[in-house]
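Okay, everyone, thanks for coming.

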Amino acid sequence: MRYTNTFVLRQETLLLSGPSFRLPDNPTIRSVRYTFNQSHAEHFSLAPIALGGKLNISLPNAAPFDVRIKQVQLEQDTAKSTFIPRTQTSHIDLNRAGTGLMEIVSEPDLRSPEEAGAYVRTLQAVLRAVGASDGNMEQGSLRCDVNVSVNRVGRPPGTRCEIKNLNSVRYIMAAITHEIGRQRAILESTSDIDAASVPQETRGFDEHRFETYKLRSKEDAPDYRYMPDPNLGELVLSKKRIQAIRDALPELPWMARERLRTSYGLSERDVDVLLTVDSGREISHDGETSGLDGAVAYFDQLCAGRRDKDGVRRDPKVVVNWMTHELLGQLAARKESFKDNQLSVEQLGELIDLVQDKTITGTSGKLLLRHMLANPSQALPQQIATELQLTAFQASPGSMSNLTSPGSSKFSSEIHVICADAIAAMPAEVNAVRKGNKNVLNKIVGRVMKDTRGRADARTLKALLEELILEQH
């Protein structure tokens with residue numbers, strides 16, 4: 001059974017991923033390749049389905065650069081072949097044979113392992129953004145073959161060796177690093193620059209020794225025997241159809257990066273964190289997303305929320321801090337990721353507002369966040385904070401009668417008792433403060449903060465305690 005034509009039509013978004021993959025105005029599938037081997041008796045390849053694109057790559061502390069995309073082609077995946085040394089036999093697993101596979105071939109524009117790693121990460125982000133793939137290398141959704149060549153300065157490019165089936169960015173960079181060293185050692189083994197040459201071959205990568213090893217020799221130009229298949233009709237995409245698909249594409253990673261920087265004034269680090277988390281959202285079959293918002297959309301909705309009746313928007317820098325430091329940090333502590341987040345935009349937004357309005361302290365806000373993640377519900381933070389007695393003491397130095405919190409007159413006497421107990425329990429520290437050692441005051445503040453479970457503002461509490469201690473002197 002063949003699914004080649006169906007796959008082409010179902011995955012058009014794959015081939016029209018916006019400005020980064022610039023396609024011909026009228027791409028045409030002109031031919032297919034048919035081969036026969038023991039791992040896949042029926043193997044079709046549509047080559048090429050798109051030509052001449054480019055992908056813009058960014059590296060820290062370096063200017064962005066373009067990597068040219070030579071072509072994009074669709075194939076059917078092969079079976080998995082496993083050699084058993086004990087019996088000297090090969091076992092063939094045909095379960096994955098025939099699965100649709102897209103191959104993206106780039107031009108030799110990469111000059112270091114770091115550039116190669118950045119290229120793969122950027123490509124992952126694009127594929128996830130358009131819903132083409134989840135890009136999960138560890139699970140086999142994305143695999144890389146790397147061609148490495150080394151040449152002396154001023155000499156033509158050297159003989160390339162291909163390293164097959166690398167399944168992580170870390171292994172890609174390690175394999176390139178080792179292969180550069182191996183080829184360089186061969187070229188430097190003789191002073192005659194014309195005598196030393198690297199044999200062209202296909203190599204594997206040992207993940208335990210972090211070394212490449214020879215699989216087989218390779219000819220200069222393998223004959224793939226391309227031929228048209230008379231049973232497959234020609235597929236032509238019109239300019240109108242291509243433009244319609246382009247217009248329907250979601251926001252692509254480099255567009256989101258620029259918008260987050262310019263519209264919200266976020267730092268490069270915060271943008272990197274949001275985009276990295278966003279690229280991890282789930283992608284279902286046939287390019288369909290899971291229906292859950294990614295980190296960037298979640299952040300946008302938080303910032304768009306209104307803090308008060310006057311329509312003041314939430315501070316983007318405060319929001320990104322709560323998302324990247326507090327929310328993601330708490331999820332990581334629970335061995336969860338952003339896709340496991342149970343907090344709605346409304347819930348986290350209200351929690352941030354409570355802290356900003358000083359209804360609860362930052363310490364209480366973190367405690368409340370931890371509680372809400374551990375006990376998911378539809379309840380809003382204001383209700384939960386009241387139930388857990390996390391509402392902040394509104395302490396103001398100058399008069400104990402000012403120690404009140406909205407809606408609760410008992411806060412004045414409660415904070416008075418807590419401060420008095422702390423002063424009575426720490427006479428040595430109190431005497432030191434009265435003698436001018438203000439640093440000791442922090443110890444007393446720490447005790448009160450512990451007794452109030454972080455419900456008092458530390459800065460205001462410090463001023464209040466100092467006033468009370470000096471008044472009693």
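Let me start with Phe210, which is partly exposed, with a relative accessible area of 28%. For that word, buried is under 20% relative accessible area, exposed is over 50%, and partly exposed is in between, using a 1.4 Å probe and protein chains only.

Quick housekeeping: this is a predicted model, where local features need pLDDT of at least 70, side-chain atom pairs count only at pLDDT 80 or more, and totals for chains, interfaces and linings use all residues. Residues are numbered from 1 along each chain as its sequence is written, and side-chain values use heavy atoms, with hydrogens and water left out.

Back to Phe210: its phi is positive, about 55 degrees, although the residue is not a glycine. You'll find Phe210 in the loop between β10 (201–206) and β11 (211–217). Those labels are DSSP runs numbered from the N terminus: helices are H or I with at least four residues, strands are E with at least two.

Lys335 also isn't a glycine, and its phi is positive too, near 60 degrees. Lys335 belongs to the loop between α9 (316–333) and α10 (345–356), and at 79% relative accessibility it counts as exposed.

Now the sheet. In what order do the 4 strands run? The order is β8-β9-β10-β11, in an open sheet with mixed pairing; strands pair if DSSP finds at least two bridges between them. On average, neighbouring strands here are turned by 30 degrees against each other, direction ignored.

Let's go through the pairs. β8 (residues 144–148) and β9 (residues 161–166) pair in the antiparallel sense over 4 bridges. Val146 stands opposite Ile163 in β9, and Asn147 has Glu162 as its bridge partner in β9. β9 and β10 pair in the parallel sense, over 2 bridges, and there Glu162 has Thr202 of β10 as its bridge partner.

How does the chain get from β9 to β10? It crosses through helix α4 (residues 169–187), and this β-α-β crossover is left-handed. Right-handed would be a clockwise path from the first strand over the helix to the second, with the strands pointing away from the viewer.

Finally, α4 lies across β8, β9, β10 and β11, and runs at about 160 degrees to β9. Contact there means heavy atoms within 4.5 Å; axes are lines fitted to C-alpha atoms, for helices over the stretch in contact, with angles from 0 to 180 degrees between N-to-C directions.
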